[in-house]
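Morning, everyone. Please have the sequence and the model open. I'll go through a few features, one at a time.

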Amino acid sequence: MRLDRLNHLPAQLLDIAPREIRRVFPHPTLITVEGRHREPLFLATVLHGNETTSFYVLQDLARRYAHTPPPRSLMIFVGNVDAAEAGVRRLPGQHDFNRIWAGGDGPLFELAQTVLQTARDARPFASIDIHNNTGTNPHYGCVNSMRPAALHLAALFSRIGVYYRNPLTTQSLAFTAFCPAVTIECGRPDDAAGVTQAINLVDAVLHMDHLPERMPAPSDLTLYETVGRVVVDEGRSFSFGDNGTDLALSTELGRMNFSEMPAGAIWGHSLCSRSPLRVYDENDVDLTDQFFSRHDATIQLTRAATPAMITPDLEVIRQDCLCYLMQPLPYPEIVQ
Ligand SMILES: [Zn+2]
């Protein structure tokens, strides 16, 4: 697979819409722009084709730096331009561009390794991967390390952070091996505030001399970790509200992302003998009984839990999951 290289931000970016991106970037592209500080800020953009916030960040950078050097060098990977042209996360048969960063066989994995090696050799100051999600979520940053620099990057973006070490194949996890890295989730693609917040983070990091070496204050960042995925049993029908399906999910759920729900909170109703709402950990161990109980037809929490990434999209729920259950993660005062 072809990787184009550019040493400037094309001003033509300002004249196109997200789905016209291949007029400027016909193939995945690695852009390097020299700035006053040499160690580059690495940006991963358009890894998912329908997540347009990163496209608008590219436009903003082109507006500022097409003709003026940035305060710090930039290295920008523009990923799945074919999916962006089609307006989808990825094309049928394509690998997910955020699951290719831990090696593997095939041209796309080789392309990712080329980008990774080029970035590593440039000793990046930091890495930011820019995404959107489908449900109504607050903006949050994901980190894969407890080191202060990574946590500060996340805290610069939002007071809500998520820590994960699985899946191993994401861009930020691969980059965490050699620089502070964060994945930012900027709300839905049409969320203008998410675009502004992403631009502000990139701008702040471009102007920074160094990232702090102490932990951020706990009031600046609440870090969560995933304890389980909530899914609907295969073969069971479901909907939000009571529509005669096997499982009627509460219509309130969509507004509960990153809010702690108390024990007893109702998630839905079902007359099935086994609850169609299931919780699994990352090893597919069934944790349902730890989180949910049934009282007649009502499915409710047995203990306080914080859901995240609840999607209203029934197709996404069917293919992936309804949401994740999170718990706050204390972070150490000092990490060597
Ligand atoms: Zn994404």
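Start with strand 12, residues 266-270, and strand 15, residues 298-301. They run antiparallel, and three bridges join them. Keep in mind that this model is predicted. Which residue in strand 15 is the bridge partner of Ile266? It is Gln300.

Now widen the view. A reminder for anyone new: strands of a sheet pair through backbone hydrogen bonds, either parallel or antiparallel.

The loop between strand 11, residues 247-249, and strand 12 holds Phe258. Look at its backbone. Phe258 is not a glycine, yet its phi is positive, about 60°. Why stop for that? Most residues other than glycine have a negative phi, and most peptide bonds are trans.

Find Asn166 and Pro167. The bond joining them is cis, with omega about 5°. Where is Pro167? In the loop between strand 7, at 160-163, and helix 5, at 171-176.

Next, a helix pair. Helix 1 covers residues 53-65, and helix 6 covers 192-206. Their axes are 9 Å apart, and the two pack at an angle of about 50°. Roughly parallel would need an angle under 35 degrees, and roughly perpendicular runs from 65 to 115. Helix 1 and helix 6 are therefore oblique to each other. The crossing is right-handed. Who makes the contact? From helix 1, take Thr53, Tyr56, Val57 and Asp60. From helix 6, take Gly194, Val195, Ala198, Ile199 and Val202. Sort that contact by class and you get six nonpolar, two polar and one charged residues.

Last, zoom out to the domains. The domain assignment gives domain 1 as 4-220 and domain 2 as 227-328. Their centres, taken over C-alpha atoms, are separated by 31 Å. How many residues does the contact take from each domain? Eight from domain 1 and twelve from domain 2. On the domain 1 side, two are nonpolar, six are polar and none is charged.

That's my tour. Questions, please.

Key. Residues numbered from 1 in each chain as written. Predicted model: local features only at pLDDT ≥ 70, side-chain atom pairs only at ≥ 80, totals over all residues. Axes fitted to C-alpha atoms, helices over the stretch in contact; angles between N-to-C directions. Helix = DSSP H or I, 4+ residues; strand = E, 2+ residues; numbered from the N terminus. Parallel < 35°, antiparallel > 145°, perpendicular 65-115°, else oblique. Left-handed = near helix turned anticlockwise from the far one by under 90°. Contact = placed C-beta atoms within 7 Å. Nonpolar A, V, L, I, M, F, W, Y, C, P; charged D, E, K, R; others polar. Domains from an automatic or database assignment. Pairing = 2+ DSSP bridges.
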